[in-house]
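Let's take a friendly walk through a few packing details. Have a look at the model below, and then read on.

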Amino acid sequence: MASRFPLRDLAPTEELLLVCAHPDASPQWRARIARLCEKEIHWPRLLDLGIRHGVSALLYRALGAESGVPDDAREQLLLTYTRRAARNLLLARELTRILAAFEAGGIPVFVHKGLAIASQAYRDITLRHVGDLDLVIGKENLGRARTILVSSGYRCKAARSDDGAYHEVLCRSSPEIVVELHWAFTRAEWPLRVPWDVLWSRCIFTQVANVPVPCLDPALGILALCAHGGKEGWSRLALVADLAALIHQHPGLDWGWILQQARRMERERMLLLGLSLAEVLLAGAGSAAPEGALGALPPSVFERIEANAAVRHLSRLVWRSLLSAQPLRGFDYHRTMWLLAENPAGQARYAAHAVTQLPRRVANLLHPTENDLQSVSLPSRLSFFYYVVRPLRLLHTYRHPFALVKTAIRRL
């Protein structure tokens with residue numbers, strides 16, 4: 001079955017990037033990689049795209065032993081991979097320590113994204129870019145969890161108290177580690193409503209550095225990854241690769257249950273968009289897929305994707321942004337989030353949230369920057385004058401107040 005969303009006329013560099021992000025490592029795929037390496041590959045661009053998309057480790061896995069890779073590119077891939085692997089092992093050690101402390105404190109917890117997906121999807125925690133540690137707890141346990149982390153040297157970096165908040169960020173230095181304590185998967189204006197009884201009843205254990213770690217089962221993990229990817233506007237290829245790898249590693253998933261849960265949570269469109277993106281990698285990453293390449297999604301899922309015009313449109317939009325390395329911004333991002341809402345009520349809720357953020361963005365624009373403070377030296381008693389200078393400089397830059405508002409909208 002060929003991909004329902006083929007990517008045609010890909011440049012060899014971009015095609016190689018997508019093929020390296022494929023979750024399979026069979027001789028068939030290795031032969032395709034070898035053929036692509038013989039083409040005119042822009043190796044500096046490929047390495048840059050690997051870093052920007054968070055798939056450098058996957059590039060190293062696919063290209064580290066290929067004879068057609070230039071020596072300097074291979075050395076750079078090895079260096080990037082080694083640094084990332086060391087970082088992931090450090091995070092794995094810290095994760096086991098935190099989980100032990102939470103268990104001793106009687107706090108139920110499971111690991112979200114990060115090292116859990118690295119283990120479940122890739123069977124190797126060095127093959128995924130892990131930026132921080134995402135832990136899911138009940139909100140009633142937030143205070144105790146924060147106390148445990150603070151006693152271990154962490155400090156609150158971004159505590160949110162508004163109704164839409166869904167996580168709290170804590171960090172420590174030496175070594176620099178960030179922990180996000182989640183009590184929900186997404187903000188309230190774009191929710192993924194998973195009942196806690198379903199959530200905790202479907203927790204399983206995966207091996208992270210030979211230590212069993214609690215995490216979501218693959219079925220719920222797919223829903224959570226699609227929610228996270230949608231929230232991020234599918235800004236990096238790594239988000240798609242994670243989903244494709246998780247599906248590839250678990251071929252016996254109950255897709256009927258997954259679709260049913262997505263409909264119950266009013267997030268089927270969110271799910272279908274993620275699956276349509278992952279299927280491009282699973283089914284061959286474009287029109288030049290090797291003979292016999294198959295996607296891992298059943299016909300019932302394809303039928304749901306094809307029946308949803310919004311999902312097909314958004315899939316093409318996202319792939320254009322991924323291949324151009326230009327994440328969705330401004331209007332395109334908000335339109336995507338709005339279209340992913342299942343009904344008028346959800347769309348109205350998201351639109352209201354976006355509109356209410358505009359005054360804050362304008363206020364941020366009007367706040368004096370470091371350049372403003374350095375351009376004019378004023379005594380402290382006249383510091384209020386910076387708030388007069390800033391709007392004048394902005395008006396000089398943008399020439400018209402309406403242009404300033406347009407900039408605020410784009411930054412929103």
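## A tryptophan pair

Trp-196 is partly exposed, at 34% relative accessibility; here buried means under 20% relative accessible area, exposed over 50% and partly exposed in between, with a 1.4 Å probe and protein chains only. Trp-200 is partly exposed too, at 29%. Both residues sit in helix α8 (residues 196-201), four residues apart, or about one turn of the helix. Helices are DSSP runs of H or I with at least four residues, numbered from the N terminus. In general, an α-helix has 3.6 residues a turn, so residues three or four places apart point the same way.

Before going further, please note that this is a predicted model, in which local features need pLDDT of at least 70 and side-chain atom pairs count only at pLDDT 80 or more, while totals for chains, interfaces and linings use all residues. Residues are numbered from 1 along each chain as its sequence is written, and side-chain values use heavy atoms, leaving out hydrogens and water.

## Aromatic pairs

How many aromatic pairs does a search of the whole structure find? There are three, where rings of Phe, Tyr and Trp (its six-membered ring) pair if their centres lie within 6.5 Å; planes under 30 degrees apart count as stacked, over 60 as edge-to-face and the rest as tilted. One of them is Tyr-60 with Tyr-81: the ring centres are 4.6 Å apart and the planes lie at 20°, so this pair is stacked. Tyr-60 belongs to helix α4 (residues 56-63) and Tyr-81 to helix α5 (residues 71-104), so the pair ties together parts that are 21 residues apart in sequence. Tyr-60 is partly exposed at 24%, whereas Tyr-81 counts as buried at 18%.

The rings of Trp-196 and Trp-200 are also stacked, because their planes are at 20°, with centres 5.9 Å apart. Together with Phe-110, these two tryptophans form one aromatic cluster.

## Around helix α11

Helix α11 (residues 255-264) has these buried residues: Trp-255, Trp-257, Ile-258, Leu-259, Gln-261 and Ala-262. Their cover includes α8, the helix of the tryptophan pair, as well as α9 (218-231), α10 (237-249), α12 (268-282) and α13 (299-306). After α11 comes Glu-266, with a positive phi near 60°.

## Two helices side by side

Glu-15, Leu-16 and Val-19 of α1 meet Trp-29, Arg-32, Ile-33, Leu-36 and Cys-37 of α2, where contact means heavy atoms within 4.5 Å.
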